[in-house]
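Student: Could you walk me through this model? I'd like to start with the strands and then jump around a bit.

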Amino acid sequence: MTSKRIVIVGGGAGGLALASKLGRSLGLKGEADICLIDRNPIHIWKPKLHELAVGVIDQSVEGVFYRDHGLKNGYRYQRGELEQCDPDAKTIQLAAMYNEQNELLLSPRTLQYDLLVLAVGGISNSFNTPGAEKHCIFLDSLNSAELFHRRLLDGLMLLNDSHQRLSIGIVGAGATGVELSAELHHVIESVREYGYQNISKHHLDIHLIEAAPKILPQLPDKVSGRAQAVLDRIGVRLHLGVQVKEVTQSGFVTQDGTLIKADLKVWAAGIKGPKVFADLTKLPINGRNQVEVDACMRVKGHNDIYAIGDCASLIMDNGQPVPPRAQAASQMAATLYQNILTRLKDGAEKPFHYRDYGSLVSLSRFSAVGNLMGNLRSGDFFIEGHIARFMYNSLYQRHLASLFGWFSALVYRLAQKLLRWQRPKLKLH
């Protein structure tokens, strides 16, 4: 087997899993050079970003450091951010990187590849709503989660000193918006243990704004209804069937002119490809900034470039695109891993077939709800409470297994729990 340069851009659920598997199969044996590129030095599973944002997990415990993980799993890590791709020359260009003082850390670099995998994920879609980019935090990356956490801590300190109210507005009642709402109420109830004696849940207003007539609009009514009942019980203010036409410093202006006041503003509605894709003129980019791929995840017209996850537009047999979900990215990574091994042996690649195993939504300590699909029985069925919580945690365990292997993943998870046992329940710094 000829040694190949395989470059993977993006260390999310799909990209890191693919780099890990290829590294263990090929990189450790010297049969391929596996290079993973990401703008951050640490990986956080995207469904956990809302937990990082409110401080119930610490990235130093939950995070996977690419350099250390790559050393042990047969790939090498380069810090960088995609700026351009030249499929004719088989090169990508990485943008210059600067520190917080705007001092140059890394100059622009050009990398050669034999096989390129784009796995850069997606970002929240503001749908060109005026003021959204300026005033909202888009909770779709590690940096944005850290920004929200800093602003939340500032808000809690002011709230504890002023005895006033803290208002948080969230646009989008999908999984991220719903889970964030529940975690915020959990945090507000817990901070008194850490010296915030003047704060209670009565000082917090959480507004969850959704254009659809129900929360979790992509899920069955029973799941949505049960989650809504929990949010109602803990005091989240739901604005359903409400569209935001503008975001201002004061809050969200709806289509009928109503102002929903918010000190902290989050946009968690819609998914599109990363902004840089608009500059990749040699690749087929659709109107949502996603790169178009065929059934084998090859970028159309370019046999040596693949794309997986939220940045890819793969149309299924039913005419619908593969949904932008973590389970889809993981499944695409698993199929592409086999296809790359097959390709390197001059075999025929297999098309990707998405399987929907259902959805699970964590409502912090208050509950968990979801629907499961698969081989247990025909159709789908509703679960909640401890069973749903167990299944939700098992998804994370499966993700860890894709990164470490099953045995190492169990050891890693145990180490995480022991570290969390010795650390504060909330990260308040």
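**Strand pairing and packing**

Tutor: Strand β14 (residues 166-171) and β20 run parallel and are joined by four bridges, where strands are DSSP runs of E with at least two residues, numbered from the N terminus, and two strands pair if DSSP finds at least two bridges between them. In this pairing, G169 has K265 in β20 as its bridge partner.

Student: Before we go on, what kind of model is it, and how are residues numbered?

Tutor: This is a predicted model, in which local features need pLDDT of at least 70 and side-chain atom pairs count only at pLDDT 80 or more, whereas totals for chains, interfaces and linings use all residues. Residues are numbered from 1 along each chain as its sequence is written, and side-chain values use heavy atoms, with hydrogens and water left out.

Student: Back to β20: are its residues L264 and V266 buried or exposed?

Tutor: In strand β20 (residues 264-267), L264 and V266 on one side are buried, and so are K265 and W267 on the other, which leaves both faces covered; buried means under 20% relative accessible area, with a 1.4 Å probe and protein chains only.

Student: Which residue stands opposite W267?

Tutor: That is F138; strand β13 (residues 137-138) is joined to β20 by two bridges, and the two run parallel.

Student: New topic: how many disulfides are there?

Tutor: The structure holds zero disulfides, a disulfide being a pair of cysteine sulfur atoms within 2.5 Å.

Student: What about the open sheet, which strands stand at its edges?

Tutor: Five strands form the open sheet in the order β5-β2-β1-β11-β23, with parallel pairing. β5 (76-79) and β23 (305-307) stand at the edges, each with a single partner strand, so one side of each has no neighbour in the sheet.

Conventions. Buried means under 20% relative accessible area, exposed over 50%, partly exposed in between (1.4 Å probe, protein chains only).
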